[in-house]
Amino acid sequence: MKTIDEINHKISRGEAAVLTASELKRQVADGEHLSVADVDVVTTATFGIMSGTLALVHIPVSAPGTFHHAEKAWLNGVPAIPGPCPNERLGVVDLVVFGTSRANQSYGGGHLFRDLVEGSEVEITVETGGRQISRNVTLAEMDLARIVTTRSAFMNYQALVNRKEGTERTIFSVRGISGPFREVTVSGCGDINPLQNDPQGRVIGVGSRVLLNGGMGYIMGTGTRSTRKHPNIAAFADMKEMAPEMMGGFVTSDGPECITSIGAAIPVLDDTILDSIRITNAGIPLPVADIEDRTAFTSSHYGEVWDHTDLVITYSPEACLQCEPCQAAAICPTRAIIPGERIDPLRCVHCGTCLRECIGDAFSGNLGTITVEGRPVPITCRQSSREHALRICHHLKTLIIEGKFHLTGKCGDLW
Ligand code: SF4
Ligand code: SF4
């Protein structure tokens, strides 16, 4: 039995044995015998669309005395909620902005959050006393800018199909989901997800330090719709510490959504925790639901999503037909395609949508199939990127090895 203090001392001395979750699982699969003495920390992560993400920001708008208080506000056209503090006559606003709020069908809160973290100027518009005041502002000018998740990092999620004829527009697909059983879309990073490696919440809890969009953050507790069997977490972190490639916007067939990422370090204190981390994709249930009612009617497993499939979608410019306009670029939910040139690796989330949209064969990648009631149904859209989650696991491992990330023991249970 180890303690978190002991592990933190090892981290400070540069002596902690740190593995990513995938490294540990590979060693186990290779038949290596691992004991608690061999590993101190295992890094886990998830990356994908998480609708329950919002920003709390404090923004200077104009000189004190210029307006009484903000009645309405927008950031780059994305509606924001002024308050709760009225900031009467101070010329500043406190705003809450939802990651799912939309300026239009292709730009929403998730895009706005990434633009801010990238250092771009955004336009703040305040409606007050029948007039509007606007100015451009950057994240650096905001005294406080924090991302808060109300529901993130579900232990596992659902696959979605359409059992009827026709195509359903949905936030769970870029093109809509066509049926009956013509395609399936999936979310969740499988066996590297934080809660999947600590399903009892033995070491992950209230107060646990995490990486939220790459920034140092903390878990507040469980999020909305969290259940003991199907838990998720709520967390917060400073936007000024975040990394743009670990977050962003994603345009679905039902409008913009928000990409969020969470990385968590699991201290290997005892055999029970080590045993939990041995979980593999094939051992994790993936409920399959109909898009109409989102109620699971059968189940698969994450092995079908992430084992023997390609985590990365690749682009071959020599196979590009140079069509005008490029349909793949037009539909790409993160605007990652530069036709005839490349995919932007900092924007692509390897969802796979371009595979079907490209008129030629410029894109390649095997997304696999899910077995639904005995029939193989092709996966056409992944709304989580295991590739990016793996990168976060490695990044967190590096931070720990370099002594830049120490563990916090939980100060409260998640359930
Ligand atoms: S649709 Fe495919 S082949 Fe056509 S321009 Fe775009 S990438 Fe090239
Ligand atoms: S996989 Fe294709 S469609 Fe999806 S984000 Fe990457 S380039 Fe865009």
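Analyst: The largest nonpolar core has 118 residues. Val41, Val42, Val97 and Ile266 have the most contacts inside this core. The model is predicted.

Helix H3 covers residues 109–117. Nine of its nine residues are buried, so the helix is largely enclosed by the rest of the structure. The buried set includes Gly109, Gly110, Leu112, Phe113, Leu116 and Val117. His111, Arg114 and Asp115 are also among the buried residues of H3. Glycine 119 follows the helix, with a positive phi near 95°.

Now the setting. The protein has 415 residues, and 47% of them count as buried. Its fold comprises eight helices and 28 strands. Consider contacts between residues at least 6 apart in sequence: 71% of them join residues at least 24 apart. The C-alpha atoms fill a box of roughly 70 × 55 × 40 Å along the principal axes. A compact globule of 415 residues would have a radius of gyration near 22 Å; the protein has 22 Å, so the two agree.

Is threonine 314 buried or exposed? Threonine 314 counts as exposed, because it has 12 C-beta neighbours inside 10 Å and the exposed class takes 12 or fewer. Not counting residues up to four places away in sequence, threonine 314 touches Ser364 and Gly365. Arginine 342 is 28 residues away from threonine 314 along the chain, and their C-alpha atoms are separated by 8.9 Å.

Two ligands remain. Around ligand 1 there are 13 residues. The closest are Cys320, Cys323, Cys326, Cys358 and Gly360. By class, that shell has ten nonpolar, three polar and no charged residues. Around ligand 2 there are 14 residues. Ile313, Cys332, Cys348, Cys351 and Cys354 come nearest to ligand 2. Its shell has ten nonpolar, four polar and no charged residues.

Terms used. Residues numbered from 1 in each chain as written. Chains lettered and ligands numbered in written order. Predicted model: local features only at pLDDT ≥ 70, side-chain atom pairs only at ≥ 80, totals over all residues. Near = placed C-beta within 6 Å. Nonpolar A, V, L, I, M, F, W, Y, C, P; charged D, E, K, R; others polar. Helix = DSSP H or I, 4+ residues; strand = E, 2+ residues; numbered from the N terminus. Rg over C-alpha atoms; globule rule 2.2 N^0.38 Å. Buried ≥ 20, exposed ≤ 12 C-beta atoms within 10 Å, placed from the backbone. Contact = placed C-beta atoms within 7 Å. Core = buried A, V, L, I, M, F, W, Y, C linked by C-beta atoms within 7 Å.
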